Amino acid sequence: MLGLELTTVWFVLIAVLWIGYFALEGFDFGVGMLVPVLARDETERRVMINTVGPVWDGNEVWLLVAGGATFAAFPEWYATLFSGFYLPLLLILVALILRNLSFEFRHKGDTAQWRARWDAALIGGSFTAAFLWGVAFANITAGVPIDADKEFTGNLFTLLNPFGLLGGVVMVLLFLTHGAMFVALKTDGDIRHRARALAVRIGLAAAVAAVVFLVWTQLRTGDLASAAAFVAAAALLVAGIGAARAGREGWAFLGTFLTVVLAVAGLFLALFPDVMPSTTSPAYSLTTTNAAATPYTLQIMTWVALVFTPLVIGYQAWTYWVFRKRISTRHIPAAQLADSAH
């Protein structure tokens, strides 16, 4: 009985980790994709990149912990997921590597061509990762072909179905909106006003696409709890767009933040008690019970999580507090701008 209860606890904890990852990493994916849209010159590109510079690597900790927790708590889920989704996950990894390298190396060259290449890596990496995460989670929620040996029997094209592709489009649009809200919140001057206006326009497209996707998800696998989460997510997205139109960037960003939180929570609620449903036969589905580690392993993990999770959250909250102020073009050193003109 204790093992069964802990499987549910760890399903919830893993859901929280993914929620934290998408809610936090989502806006810096959005910022990366919006660099060529919002920034008019090198100064503004530096402003945009600097908004996420102090926090992007901390945001990715949530992904690392989510992957590690899945491996330890649900080894069968981890094995099926990472073997079956090997190619899209590999592409996500490559995209994240290129994106992360752009943060580290962009400022190390003195030519405009050097920076343009790393900007392309940032933009392409952010878009590719956001889109493929949407495709992956849409397919996990809806189900994929899994046989009696708990092995994925499809291929990449199996995942590129209409529902999965819509999930990718929705995630890109949500992250674009989330990123634009963040830029509006963290910057000052012309770029702030452009970001706020763009957030409203993209947000309307995101709202339409998200409603279609969430209704489709609800009809396929949802229950009352997921329906409540989806309705609340849609309402908060609309509220966030309204706050942006009114010039209240803090409330607008909170609206998109909570939209991502509730939308991802709704997907996990629709998924539970499965962790990977099988479209081949319901009997082959991976669940919180048949995919879990031993009760002893889950007990040890629970004690470790109780000790270290508050420390990690506290440290990251402190980081956001330290770097809470707005930045603008006047904060970019003139010497750096002179270098970029070479």
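**Ground rules.** I am working with a predicted model, in which local features need pLDDT of at least 70 and side-chain atom pairs count only at pLDDT 80 or more, while totals for chains, interfaces and linings use all residues. Residues are numbered from 1 along each chain as its sequence is written, and side-chain values use heavy atoms, with hydrogens and water left out. Helices (H or I, at least four residues) and strands (E, at least two) are DSSP runs, numbered from the N terminus.

**Largest pocket.** I looked up the largest pocket and found a volume of about 510 Å³. Of its 23 lining residues, Trp 18, Leu 63, Phe 82, Leu 89 and Trp 133 are the closest to the centre. For the record, a pocket is an open set of points on a 1 Å grid over the protein atoms alone, where a 1.4 Å probe fits, with protein on both sides within 12 Å along at least five of seven lines; lining residues have an atom within 4 Å of a point. The volume is the space filled by probe spheres set on the points, which are joined across faces, edges and corners. I noted that α3 (56-73), α4 (75-84), α5 (86-105) and α6 (112-142) each supply at least two residues of this lining. The largest share, eight residues, comes from α5. By class I have 19 nonpolar, three polar and one charged. Here Ala, Val, Leu, Ile, Met, Phe, Trp, Tyr, Cys and Pro count as nonpolar, Asp, Glu, Lys and Arg as charged, and the others, Gly among them, as polar.

**Second largest pocket.** The second largest pocket has a volume of about 440 Å³. It is lined by 18 residues, and Trp 10, Leu 17, Val 65, Ala 305 and Thr 309 are the closest to its centre. α1 (2-38), α3 and α12 each give at least two residues to the lining, and α12 gives the most, with eight.

**α6 against α11.** I checked how α6 runs relative to helix α11 (residues 249-271): the axes come within 9 Å and cross at roughly 30°. The two helices are therefore roughly parallel to each other (angles under 35 degrees count as such). Axes are lines fitted to C-alpha atoms, for helices over the stretch in contact, and angles run from 0 to 180 degrees between N-to-C directions. Phe 137, Ile 140 and Thr 141 of α6 meet Leu 267, Phe 268, Ala 270 and Leu 271 of α11 (contact means heavy atoms within 4.5 Å). The residues of this contact are six nonpolar, one polar and no charged.

**Single residues.** Is Arg 194 buried or exposed? Arg 194 is buried, at a relative accessible area of 18% (buried means under 20%, exposed over 50%, partly exposed in between, with a 1.4 Å probe and protein chains only). Arg 194 lies in helix α9 (residues 190-221) and touches Leu 38, Arg 40 and Glu 44, not counting residues up to four places away in sequence. Arg 194 and Leu 38 are 156 residues apart in sequence and 6.7 Å apart in space, C-alpha to C-alpha.

Trp 318 lies in helix α12 (residues 295-322) and is exposed, with a relative accessible area of 52%.

Lys 150, in the loop between α6 and α7 (156-159), has phi near 65°, a positive value in a residue other than glycine.

I noted a cis peptide bond from Phe 272 to Pro 273, with omega near 5°. Pro 273 is found in the loop between α11 and β1 (274-276).

Technical notes: Angles under 35 degrees count as roughly parallel, over 145 as roughly antiparallel, 65 to 115 as roughly perpendicular and the rest as oblique.
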